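The following note sets out some points for discussion.

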Amino acid sequence: GSSPARRTERSVTRSAPAMARRDSLFDRRGWLADARRVRSPNADARPEGTEVTLVVVHGISLPPGRFGGDAILRLFTNRLDPGAHPYFRAIAALRVSAHFLIRRDGTLLQFVACGDRAWHAGASRWRGRERCNDFSIGIELEGTDDRPYTARQYARLAVLVRRLAARWPIREVAGHSDVAPGRKSDPGEAFDWARLARLLGPASGVRVAAQGGGRGGRSPASGL
């Protein structure tokens, strides 16, 4: 008998190839039909002619180490109250976002259309290319560097990456710590890249290229 966690992963990922072939899941701009939409103003146009080839995985919790609530949504929509928590005073004025957020229970939210550039990676570099925001899709997972992510999050992430790869020429998945080494450490040592690779499978055509969680000066508001 499979564990409940493994059944959850299999049930979500089994139909991923069929779902990925349905272009109607994304509209023309790149909004996903079955994600809860919360529009962020912290986005702009990608450079003309730029191919989207990379997914960057982040980890975030606000306040640090606390899950649930609406602080992440407020941060990404410029409505975070600096007086609501001492930590928020330092980040309330930041203008950051990501394309997607996956909650601890697997709930999927989308803040920026995939055709647009979300402000998630900050100063970054991948395979010799600067400004990863130009050519990547940013996916935040609600979590911390040192607490295990949930089975539902891995399952949802795998399905999402496969859907993205069916629509855009996504070739690799990396962590924020990989594109901003030394500056960022998320999604952290708690993230199991081998597990994601197994869930994606070779048929996805996407390579998990992450080196794992590096130690750096990461802020839990990881879109910086």
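1. Two strands are taken as paired if DSSP finds at least two bridges between them. In this predicted model, seven strands form an open sheet with mixed pairing, in the order β1-β5-β4-β9-β3-β10-β11.

2. Strands β4 (residues 100-102) and β9 (residues 136-142) run parallel and are joined by three bridges. Within this pairing, L101 has E140 of β9 as its bridge partner. Helix α4 (residues 151-167) packs on the sheet, where it touches β3 (54-60), β4, β5 (108-110), β9 and β10 (172-175). The direction of α4 makes about 170 degrees with that of β9.

3. On one side, β10 runs parallel to β3, and four bridges join the two strands; L54 has E172 as its bridge partner in β10. β10 also pairs with β11 in the parallel sense, over two bridges, and here the bridge partner of E172 is R207.

4. Are the faces of β10 covered or uncovered? Both are covered: E172 and A174 on one side are buried, as are V173 and G175 on the other. In a regular strand the side chains alternate between the two faces of the sheet.

5. R162 is a residue of helix α4. Residues under 20% relative accessible area count as buried, and R162, with a relative accessible area of 14%, is therefore buried. A polar atom of the R162 side chain lies 3.5 Å from the backbone oxygen of L200. L200 itself belongs to helix α6 (residues 193-200) and is buried.

6. Which residues of α6 are buried? They include W193, L196, L199 and L200. Seen down the axis of α6, the buried residues fall within an arc of 120 degrees, so they line one face of the helix.

7. The surroundings of α6 can be described at both ends. D192 caps the N-terminal end, with a side-chain oxygen 3.2 Å from the backbone nitrogen of A194. After α6 comes G201, which has a positive phi, near 75 degrees.

Terms used:
Residues are numbered from 1 along each chain as its sequence is written. This is a predicted model: local features need pLDDT of at least 70, side-chain atom pairs count only at pLDDT 80 or more; totals for chains, interfaces and linings use all residues. Side-chain values use heavy atoms; hydrogens and water are left out. Contact means heavy atoms within 4.5 Å. Axes are lines fitted to C-alpha atoms, for helices over the stretch in contact, and angles run from 0 to 180 degrees between N-to-C directions. Buried means under 20% relative accessible area, exposed over 50%, partly exposed in between (1.4 Å probe, protein chains only). A polar contact is a pair of N or O atoms within 3.5 Å; within protein, one must be able to donate a hydrogen and the other to accept it, and residues adjacent in sequence count only if both atoms are side-chain atoms. The arc is that of the directions from the helix axis to the C-beta atoms.
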